[in-house]
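I opened this entry to keep track of what I looked up.

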There are 4 protein chains.
Amino acid sequence: MTQNLRVGVLGATGLAGQQVLAALERHPWFRVAAVGASESSAGKSLGDALRDPSGASRWFAEGRPDASLLSLPCLNDEQLLAQPLDLVFSAVSKEVAEVWEPRFAERVPVVSTASAFRYEPDVPILIPGVNDAHAEALHDQRRARGWRGFIAPIPNCTTTGLAVSLKPLHDAFGVRTVMMTSLQAVSGAGRHGGVLALDVVDNVIPFIPGEEEKVERETKKILGHWGEPAPFAVSCTCTRVNVTDGHLETVFVGTERPIDSATATDAMDRFGVDGLKGLPSAPDRLLQVTTDPFRPQPRRDRNAGDGMTVTVGRMRDEPALRGVKYVVLSHNTKLGAGKGAVLLAEWLTREGYIERGG
Amino acid sequence: MTQNLRVGVLGATGLAGQQVLAALERHPWFRVAAVGASESSAGKSLGDALRDPSGASRWFAEGRPDASLLSLPCLNDEQLLAQPLDLVFSAVSKEVAEVWEPRFAERVPVVSTASAFRYEPDVPILIPGVNDAHAEALHDQRRARGWRGFIAPIPNCTTTGLAVSLKPLHDAFGVRTVMMTSLQAVSGAGRHGGVLALDVVDNVIPFIPGEEEKVERETKKILGHWGEPAPFAVSCTCTRVNVTDGHLETVFVGTERPIDSATATDAMDRFGVDGLKGLPSAPDRLLQVTTDPFRPQPRRDRNAGDGMTVTVGRMRDEPALRGVKYVVLSHNTKLGAGKGAVLLAEWLTREGYIERGG
Amino acid sequence: MTQNLRVGVLGATGLAGQQVLAALERHPWFRVAAVGASESSAGKSLGDALRDPSGASRWFAEGRPDASLLSLPCLNDEQLLAQPLDLVFSAVSKEVAEVWEPRFAERVPVVSTASAFRYEPDVPILIPGVNDAHAEALHDQRRARGWRGFIAPIPNCTTTGLAVSLKPLHDAFGVRTVMMTSLQAVSGAGRHGGVLALDVVDNVIPFIPGEEEKVERETKKILGHWGEPAPFAVSCTCTRVNVTDGHLETVFVGTERPIDSATATDAMDRFGVDGLKGLPSAPDRLLQVTTDPFRPQPRRDRNAGDGMTVTVGRMRDEPALRGVKYVVLSHNTKLGAGKGAVLLAEWLTREGYIERGG
Amino acid sequence: MTQNLRVGVLGATGLAGQQVLAALERHPWFRVAAVGASESSAGKSLGDALRDPSGASRWFAEGRPDASLLSLPCLNDEQLLAQPLDLVFSAVSKEVAEVWEPRFAERVPVVSTASAFRYEPDVPILIPGVNDAHAEALHDQRRARGWRGFIAPIPNCTTTGLAVSLKPLHDAFGVRTVMMTSLQAVSGAGRHGGVLALDVVDNVIPFIPGEEEKVERETKKILGHWGEPAPFAVSCTCTRVNVTDGHLETVFVGTERPIDSATATDAMDRFGVDGLKGLPSAPDRLLQVTTDPFRPQPRRDRNAGDGMTVTVGRMRDEPALRGVKYVVLSHNTKLGAGKGAVLLAEWLTREGYIERGG
């Protein structure tokens, strides 16, 4: 089908950028044509930039990158902007994204893991299979901003599992209120300013600055009609636990229409994502329900569907809310970050939002 | 005041029993006069029973027990029953407690960490300073069962922090509904059938069999009027995290009367426990509120008040429930087990429920 | 080549047995024809035996077993003995192995993860590619014991990485003395009597009963000529650390002939294992050396070669011993247990020690 | 005896500085009169500097500092230099220490946790009770450099436990060679550039830059005669494990004169430190030996002697080296850092090296 799109990666040496690169390894459609990195890496090959003076590897994603990838020169943002590209993945900090994503979007579609533009009224937060109709807004964004490209962010990694699990419940029963507690993995904090072992060994940190507001806002934006946030309340307490990868969330949901654990499970089981069929990074199921009461567990279930399947367990009635309660797990650096961004780019490509340029 | 009561400890070599013994070290009122252990320890001194053939210590509580304690012979239950005792701490499994606690209670007051009798209609679950009035039921229990003693259990270690933190809110605002997620320490599971490292390293286990029902039932019994459970709903999801000691819980509470984070904090701040003053194991405060948004943390706060103070943090409004949400931490093997049982025995002694026998 | 051998697995529901089953998934030569389990599982299908009454999975190895495997009935040892099998994997405890491995070996080759027979003079401890010549002893064992089969154990999981890394050094320089400290993963202890989280969170346990003696004895047996242990000294301190999988060992080695970090690295780099080519479970390299000073790390390197490659790093001169020092990592439940046993069976099959029976 | 010395702390807000402050709480001799911190804290009180804008505490040592301490203004180095002080604790980085320790030493004794001057020929590395005679060199240092004060560093935290445990062996048997593997806690790396949870959860890091050289050099300097390093070889592999506090080391020692596990244990048991008697921070024993084969363990033994007692266990013969092997544990942030520095200052005060100025 589509193929051989020339891809740039902004922030390639950071942890999020590496996850994008890992997700693009031997990709059938996308070819990494250029990588951007901070000034300190400028002039080095990506391989050299990923090796510190002592010989230590700074490649922290899974596997080992291809030699051809490692030989790419690290460009600064200005140089990257000058490359002929069909698509850019942005995996930089919010602050860098604020400045550079619009400059890239003037020329080329930008799929972003950063939060900088998520809350703009003309920017949809997209999860393929969940809120596909919102993608239409990209046309308006393009037009209104006078860009050839657009900015299409994925959600915060803590939003993803929650939004995917709520989607079939909201469609079938109308979500009225959500109370969520997250037990988040340390990889979500990245490496710069990352969680110190000293702080989390034999411990839990009961606060992640800014996280709760993001999840509450994004979940309603994603599950609402375009331009109209979903009319339910979302309330979160986000904590950090001693886990490398995989965000676990306990969810209490109240619904408009009668629901119980059986009907909720059934709705989730029936939640198909035909629209993802054929996309290289798509899992067989975006959402699965387990009946083993001790699951999902981060270490044993995060790699379900190669890190792209959300797993729900412990479905029970929740009488006080006239709803249900359950536990949901999603892989924060795969579905929730690099590979999720690649899946979104694949879907946008197949839907015609991204195409081979001149 | 009272002093020199002769104390027996049932299940002395188990983890819960050791915690009772640790809490009784150099106790000004209570003297450990006899210890009971399983048949495999019978005939050994406690010191020998706590050392395995390789020379390894099986003393897992803090500190090191006194030589005089270690020289006590391990008695079987029948032998222990024959001792002249004023008070027995029971730290055995539910199954053993079902058989032996009544036999001991025929003769002597029993303060228990086991769940066997918690749900009997004539057995109060006591937290001194929280539901003191329920202690009166011990008189009826005594009379109705024809016992000289009684059975007075402490709550499940996951109930304690929740009940203490809800008490001032319920008194001031009337709790209507509670949604709680626990992040529980591995020590709560004890050593027999305890949590394997293999299962919890880099992981969370989202289910603890029986725990949620216990917390829901006990919280309502403790915070209700005697004979009448509190009329609110409690809904829990209990998980196990990679922490040694200290149960953290996220709580969403709806109330009958208007509440916000300021008034809730104020109610908790004003929650005094004058009734505990002078008891050897009592903390200065049973409940404290922190304004540091990153606290409480299990490792850094579990030993507040020498493990006897419950810490609340992250108090916020909860509009969806017209209530508040917060995080609460309590030490599961101190306030929630051995030392909590000793505190209860101290309070019962001062209130005249336990006295020096003939 | 060889194929369709009928395989039995003794101790199939245990952790070691599950690892054997996982390594046999979709195996091109071996077909699991029958599984043995303890009496408590007798009469159940393997699938039912691996599910406890609450619905919880007791499958702890990677992936999920095939439906055809799960439908196999669990046999007791006597029943398993009556099956027509070409090969048996024994993954039972030392005590069970002492009784049952000889009974099976009367009829059929037994490849074992148990230590019961490792130290018998007519039983070689085999690592394919390391001490292939020892396999000849199986003929003598067969003859002397009057068995149609034999017992062929793999080493203790802590021996494997050490022996593989010493092999090229011993061949080229003559090992004189070895001082090793292990940092072992908790999975090595299995589930029955496994390491409690309570004991190893924020902790190290500096003793593993029996382990040091095994490693010392086995390393010398494997690297010696048959019937004559290698004439060097091995001295170990074995510790348990808070890691799920992957045994890391620090090694100080003195040699007979001059050695330095460069020549040692070179010898290891040149250590090829042509004899493993074509075996389904063989890695490309049995031994690899990294120059990144921060590697090998258990979590990041244990799955090298799909868990079958031993990784050495931090190679340095060791003047005091006139030798070298280094760090070595091997996967204790793959190369060091289930999959290592399957590799040995593959090699024995290709070498003609195991064949399709009548 | 001595008392009321006016103490300054350089680097007071850092982790090492906080540990010094914690060790000085309610100190009978030393009163914290002034604290120095980086420019970003200048003008704030210590209390404000230890609270970030969100209200989060940046006090990471144990307990909570006194109000009087928190009200001290944070001075920059120049301002601190102008204070009337009798003694300065330096807890800054090597780079800052290189510049500022000499400037302070011109006026006042400096006791330092930094490595900047440890390897200067006129600077002794002191452990009271181990190499007291080296302190005389401070007189020469003073004279030769024309200082009123001096620089007296404590060793690297990984050296301390090793040197203390080797001292009685070296005295009695003459140490010939030492091979040591450390399993170090994450707190040793501090907070700036500290160990990320992402790197050490379910993992071991087999390299700590610069650490092995420090331990090798310092151990020989401490255990030698002044001006003449001990004539034995020390070879180390230093690793980082998932432990908060407490460095565990496995040690293989060869000696000049015959030794075995019994005589080695006896020498350690007899190792008294009468010279520390009466010092406020001194433990009853600087070194203790346990016969429990599963000890010492970091979490269960690091606080022996309130963090000031080194614990040795697993003493065994080591035939290959004609020596012994054992495991040793010491608390890296108490004896090995802040409190160890305070103990040294106490000893220097009692010995007349530090006195009340004008």
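Entry one. I noted before anything else that this is a predicted model.

Entry two. I looked up the sheet in chain C. The sheet is open, has six strands and shows mixed pairing. I wrote down the order as S8-S7-S9-S12-S11-S10. Which strands stand at the edges? They are S8 and strand S10 (287–289) of chain C. Each has a single partner strand, so one side of each is left without a neighbour in the sheet. From one strand to the next, the twist averages 20°.

I then checked how S7(C) and S8(C) pair. They run in the parallel sense, with eight bridges. I looked up one residue here: Thr177(C) has Ala233(C) in S8(C) as its bridge partner.

Entry four. Next I looked for helices across the strands. Helix H7 (residues 157–173) of chain C lies across S7, S8, S9, S10, S11 and S12 of chain C. I noted its angle to S9(C) as about 25°. Helix H10 (residues 261–269) of chain C lies across S10, S11 and S12 of chain C. For H10(C), the angle to S11(C) is about 160°.

I turned to the neighbouring chain. How many residues of chain C are in contact with chain D? I found 34, and they meet 34 residues of chain D. Among the elements that give two or more residues to this side of chain C are strand S7 (175–184), strand S8 (233–240) and helix H11 (298–301). The residues of chain C on this side divide into 18 nonpolar, eleven polar and five charged.

Technical notes: Residues are numbered from 1 along each chain as its sequence is written. Chains are lettered from A and ligands numbered from 1 in the order in which they are written. This is a predicted model: local features need pLDDT of at least 70, side-chain atom pairs count only at pLDDT 80 or more; totals for chains, interfaces and linings use all residues. Two residues are in contact if their C-beta atoms, placed from the backbone, lie within 7 Å. Ala, Val, Leu, Ile, Met, Phe, Trp, Tyr, Cys and Pro count as nonpolar, Asp, Glu, Lys and Arg as charged, and the others, Gly among them, as polar. Two strands pair if DSSP finds at least two bridges between them. Axes are lines fitted to C-alpha atoms, for helices over the stretch in contact, and angles run from 0 to 180 degrees between N-to-C directions.
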